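Visitor: Hi! I'd like a friendly walk through this structure. Can you show it to me?

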Protein chains: 2
Amino acid sequence: MGPEFQLIEAFVAAARASPRTPAGPGDDAAVLPRGRGETCVTVDAVVEDVHFRRASSRLEDIGHKSLAVNLSDLASMGARPRWALVALGVRRGFSLREARALGFGALARKTGTALVGGNVTRAPGLSLTVTVGGEVAPGRALLRSGARPGDVVWVSGTLGDARLGLALLERPSGKEARRLRRAPRLARAAVARQRRPSARLELGVALVGLASSCIDLSDGLVQDAGHVAAASRVAVHLALEAVPCSEALEVAVPDASERVRLAAAGGEDYELLFTTSPTRRVAVLRLARRLDLSLTPVGEVRRGRGVHVRGADAGDLGGFDHLA
Amino acid sequence: MGPEFQLIEAFVAAARASPRTPAGPGDDAAVLPRGRGETCVTVDAVVEDVHFRRASSRLEDIGHKSLAVNLSDLASMGARPRWALVALGVRRGFSLREARALGFGALARKTGTALVGGNVTRAPGLSLTVTVGGEVAPGRALLRSGARPGDVVWVSGTLGDARLGLALLERPSGKEARRLRRAPRLARAAVARQRRPSARLELGVALVGLASSCIDLSDGLVQDAGHVAAASRVAVHLALEAVPCSEALEVAVPDASERVRLAAAGGEDYELLFTTSPTRRVAVLRLARRLDLSLTPVGEVRRGRGVHVRGADAGDLGGFDHLA
């Protein structure tokens, strides 16, 4: 038995969650039970020195984020998570203790995601490539392509916090950090948004049958709204002053136009952007109350193409390029 | 639109195969139709300077291999491939032309595998992490755990060729290369086994209901037989002199015991090892004729534990560790 088996066993043991599958891990592939709905699948990677730095990240947080960003994609489809596969890339000398720390057991258990298989290879730096599968009723998945002229554009939660959290981590003496010095609770919350994002799974499931289109905000509001506009062949008009910001962001960035710019271009917030018919306003606000989550109208869908921003130049708000 | 989208579009366009799915690529997740059977899923990565070197590998071959090694895992489960997801890691400056070359369209089309989604991130070196899903009738997947005392152990094809191919690539003036100088066709075939392995998909599907256990030979005969022995809680006895070798290996390694050692420890052959009741011998040989593929008995299953090798020390044949 080489170290490969021990490493993946340590990871799997730490990540092993709730629902069991009929066979695997341990076989060449995992065998999944036949579901009642359609299956949504997606893959995403987190890579050392691209998505995180070892110096400023705990392994527990890296593992959590690698699963959370994938669950966010399921949330935006309205799917319930079922299973995950993990491909680990590790440097020589990566230890069993480190593999265990990466295991994302808490989040997997909380979300009902069964880790059904894994793979380890040597690599020049640490990376986790996570594939997730989720279930949605046949023909009911939320797509980017369903927005119609007249629809209201909504976002969940607050935007810009993940970007603020990154600034606090990378510039501990920067102006944002200085302004938050007297509000350590707010600063910690922003850092948590960067390190341990939540996927809006409950919201996504609740939007099935309510939203006409949906996407998760990983690249930034303007860029992701552009994906919806392109897929739906419509124009998305955003009112930047309506973009919801957290108290942390208000303290850290007192200038309103700078703050809104950051919130709109920030990326990595993993909130959902969705559209609904204007007749569903009350239903959305009722849902917000039920989930104890702010759902804010930030614009509307019109005939046309592209993203149009009132109060700023859309080109300056192109968002967060994961390759940059 | 950042370069991420263009790169993955170029890759997907080149890899886009036959069967379409109801939605995605393009959405946050792909939506797969509800299948009639159970789904087998697995993930595997190929990483620059671990599994291949850019100097001795064409991008077309790297792409092919990244899919083939995953299809081999489906083959060993008896599953038919349905879909694949790809996570690409690329260096700065990776071009659209290179992304297109990596696209594994030919193999995807040939095997009925639909590429349903992808992701690109910056990385310190080129890597492809491929997830595949396949379908198998409920309760019929071939597992490692079904071998019973008295069963016959079989392998498909010939073993050791991939390792020989690696030696020819890495030591073009080595003794194996010198011995094959007058047989360039044989040398090319061995190199192709290393660069463009085949997955034994037809064989895997045909073994459902015939084999009691199955595994693909990625780590080496002795090591992979050990996985079957452990999962089935039996002993696997192998007769090394029975291990099938290609004409290329016979020419390149004239010493019989050295040759057999290489074939048994080689790894990366992606043939199948499977067990059947001894009453199914004739059925297996008939299958070999139908598939035009050699299926060779190489040992038997007995009560006990571990792998026992007649004609060598099993400890010396521990196989190929992908982390080594």
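Guide: Happy to! Chain A is divided into domain 1, covering 3–136, and domain 2, covering 144–317. Keep in mind that this is a predicted model.

Visitor: How far apart do the C-alpha centres of domain 1 and domain 2 of chain A lie?

Guide: Those two centres are 27 Å apart. The contact between them draws on 18 residues from domain 1 of chain A and 19 residues from domain 2 of chain A.

Visitor: Which elements give two or more residues to the domain 1 side?

Guide: On the side of domain 1 of chain A that touches domain 2, they are α2 (59–77) and β3 (80–90) of chain A. The largest share comes from α2(A), with twelve residues.

Visitor: And what's that side made of: how many nonpolar, polar and charged residues?

Guide: The domain 1 side of chain A has seven nonpolar, seven polar and four charged residues.

Visitor: New topic: helices. At what angle do α5 and α7 of chain A cross?

Guide: Helix α5 (residues 161–170) and helix α7 (residues 184–195) of chain A cross at roughly 105 degrees, and their axes come within 7 Å. Angles of 65 to 115 degrees count as roughly perpendicular, so that is the word for α5(A) and α7(A).

Visitor: Which residues meet there?

Guide: From α5(A), they include Leu164(A), Leu168(A) and Leu169(A). Among those in α7(A) are Ala187(A), Val191(A) and Arg195(A).

Visitor: How do the residues of that contact divide up?

Guide: The contact of α5(A) with α7(A) has eight nonpolar, two polar and three charged residues.

Methods
Residues numbered from 1 in each chain as written. Chains lettered and ligands numbered in written order. Predicted model: local features only at pLDDT ≥ 70, side-chain atom pairs only at ≥ 80, totals over all residues. Axes fitted to C-alpha atoms, helices over the stretch in contact; angles between N-to-C directions. Helix = DSSP H or I, 4+ residues; strand = E, 2+ residues; numbered from the N terminus. Parallel < 35°, antiparallel > 145°, perpendicular 65-115°, else oblique. Contact = placed C-beta atoms within 7 Å. Nonpolar A, V, L, I, M, F, W, Y, C, P; charged D, E, K, R; others polar. Domains from an automatic or database assignment.
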